[in-house]
Every structure is written in C-alpha cells, then in structure tokens.
Amino acid sequence: MDNNKSSSALKWLGKRVMPGAEFDSSERDPPPRCHPGTRLSIVQRIRDWLQNAGRQKNLLWLHGPAGVGKSAIIQSLAESESKYNGVIATLFFSAISARNDPNRVLTTLAYQLAVKDPSYRAYVVELMSQDPRSLDKATSEQFRKLFIEPFTQQGIGGGSAPWLILLDGLDECRPPDTGSQAESKSERAQCEIIKLISMFVLEYPSVPLLWIISSRPESHLKAFFSRPDVRASHWEEEVPIDSDEACQDVERYLRSELENIRQQYPDHIPSGSPWPCEEHISIIARSALGHFVFVTTVTKFIEDPDIGDPIAQLEQILDIINHPDVYIENNPLAALNALYTSILQRINPVVLPLTKLPYESYTLYYVYLTLLMQASKGLNSFTSPS
C-alpha cells in the first residue's frame, strides 16, 4: 500500500516537471563540463563554501556573461557533489529546449528530492492526499508547500548533510508567453524565484538546504540581487571573461582538443607534423578572450567528421579571424560573429528561408547557441538540398 501511494505521488508530481532538467539527463548528454585543470580556483571556493559548517549564507549567485562556462561549472559541481551528498536537485534552464517554464521550477526540484529521500517522498504523499490541487497554486504558495512546510515544520533533512539545489541559467526562465509583455513577465518570474529563496534562507538559516543560482548578470537580476534584503542572503562569485586565469584555462582546453583532433585523423596529420603550430594556437587563443564558447565552436568546426579535413578547416578559421573586418580588440565576440556569419553564408539559398525561421524569435544570444549546435553537425547539414 505504501509503495502504491509513493508511486502515485511521484506520478502526480512528475506530471509537472520539466523533462531533461537534471544534471544527468540523457537529453543533455553530453553535458558541458569543466575541462581538467580549468576553473580550479572558482570551483574550489564554491566547494569550500559547501563544506564549511560555519557558513554565514546559504545562497550563492554565480554570474558571468554568455560563453564563459557557467553551466560547465554547475555541471561539474553537480557531478562531484552527487557522489558525496545523497540529496541533490538540479535544474538546467534552456529556452531552446523548452526547459524554462517558471510554473514548473519548484515541482521539478521537488520531484528530484522526493525520488532521492524517503522522508520527503512521504511528505509529498501526505500533501497529495490532503490537497490534490496544491501544485496548481501560485508560485509563492507552491514554495510554502514544497519547501517551507516540509523543512521547517516537518523537520525533513534535519541532522543530515546539507541538501544541494542548483539552478543554472535563471535568465532563460520565462513564461510560455509570446505577447508584448513577455519580457517583463520573464523578469518578474525570475526575480520572484530569487525573492522566495532569499527570504527562505534568511528566515530559516538552520535549514540544511544550500542553493546555487547561476545566470548572466542581466540588469534586472543585478538590481534585484543588490536590494538590501536580498544582498544579506547571499554571496556572489563572478566568472570573469578575460582574466589571466580565464584565458589560460581556454588555451589549455584548446590545446587539449586540438591534440584529440590530431589523434582522430592520423592519416591526414602525420605524427611528426607540427600541427597546429604555436602561432596558430596563439591566434585562436587570443581571439577567444576567455570565451569557452568560442574555442568549443572552433574545435567542433575543425574536427567536423562530415568534412574530414582538419587542416583545411583550421585554415578557414584562421582566414576568418585574420579578416580585416574582424576587430577583436573592440568586440570580444567579433571573431565568433565572423565564424557564424561564414557558416550562414554557406547555406544553400534554397533552404536559407527555412533555416532562418526558427531563429527569428530569439535574441542574438539564443541564435548563437542554436548555431553552435548546428555547427557541431558540420557544414553538410547546412548545405544539403534536403
């Protein structure tokens, strides 16, 4: 009977989750990860905070511009902490993959907690029996039912190691609304999530829940995290874009990926051949300016199995970077801009209108991410008449 109740409760909760949000979901495989030897200082500071029983704040805001590897940091933390921390819930937002509904944020997290902890699962069973429509209520009421009551009144998680909740890419959380007020609704939804969590950690500091939110430093998020009542609840960790450490990490990753490409193409690149030369590595690394997304795109372009010619692909990359119209010093994304422009220019004119349709409703940032996914499939997927 208890097993039947638990199964029914999980199904009840599972109907309101965002599929693929977990750190180990097949929908995100392979996920972004920190390359070995990179982001060491940032990850270590976060781990020190997680392991510090005397920590003063239970909420961390990890922020940085697009393409600097925030998701990779969150992914790496989730993978490592899940080995030692029995209860962890993760939500990787993605507008492209439709993992961005603010009405399903709390239920997505609660479902993972219920799966992993019997006491929380028993609470969900009781909640369902008492009020089967409790999950249809406003976000603030959902938060009260799914987090405040179980952890403060029921004492769930007491005496155990802290439970960890990770929200990656909060700036991509937006209601399923394409109307004229969509942007303001998105900002309100994102700020409400921050408000609920920050109030919770301030009012109940002894509750063994640790929260990490990562996002781009959008103006409304910066303003909200700067409010006195919110500022007191959290500490911040910035992922810099062009610091010495970031640039060194990017170059380390670039060298590793180019060596992997060399090993994939032994017939094209003789073992004694100095490919790529140090000058070419330096040109690409300087162009990246700390953007992991840039070197990821470049290396996927070079290794493209549909083309099968890394030497020629690298030459194209260098031609794009060295083009006189690419002013990298004035625009950190200029080289990435030029690369995507070059890819788009190779699209067959017959299919170009169809290719553009999915992108027209996205901001430039989302276009970049979509094109990154497409670029990894090779130029043939762009130029095929089918």
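**Two helix pairs**

Guide: In this predicted model, helix α4 (residues 105-116) and helix α6 (residues 139-153) pack at an angle of about 25°, with axes 10 Å apart. Helices here are DSSP runs of H or I with at least four residues, numbered from the N terminus. Axes are lines fitted to C-alpha atoms over the stretch in contact, and angles run from 0 to 180 degrees between N-to-C directions. Therefore α4 is roughly parallel to α6 (under 35 degrees).

Guide: Residues are numbered from 1 along each chain as its sequence is written. Local features need pLDDT of at least 70, side-chain atom pairs count only at pLDDT 80 or more, totals for chains, interfaces and linings use all residues, and side-chain values use heavy atoms, without hydrogens and water.

Visitor: Which residues of α4 and α6 make the contact?
Guide: From α4 come L106, T107, L109, A110 and L113, and from α6 come T139, Q142, F143, L146, F147 and F151; contact means heavy atoms within 4.5 Å. These residues divide into eight nonpolar, three polar and no charged (nonpolar: Ala, Val, Leu, Ile, Met, Phe, Trp, Tyr, Cys and Pro; charged: Asp, Glu, Lys and Arg; polar: the others, Gly among them).

Visitor: At what angle do α11 and α13 cross?
Guide: The axes of α11 (residues 278-288) and α13 (residues 310-321) cross at roughly 50° and come within 11 Å. H280, I283, I284 and S287 of α11 meet L314, I317, L318 and I321 of α13.

Terms used. Angles under 35 degrees count as roughly parallel, over 145 as roughly antiparallel, 65 to 115 as roughly perpendicular and the rest as oblique.
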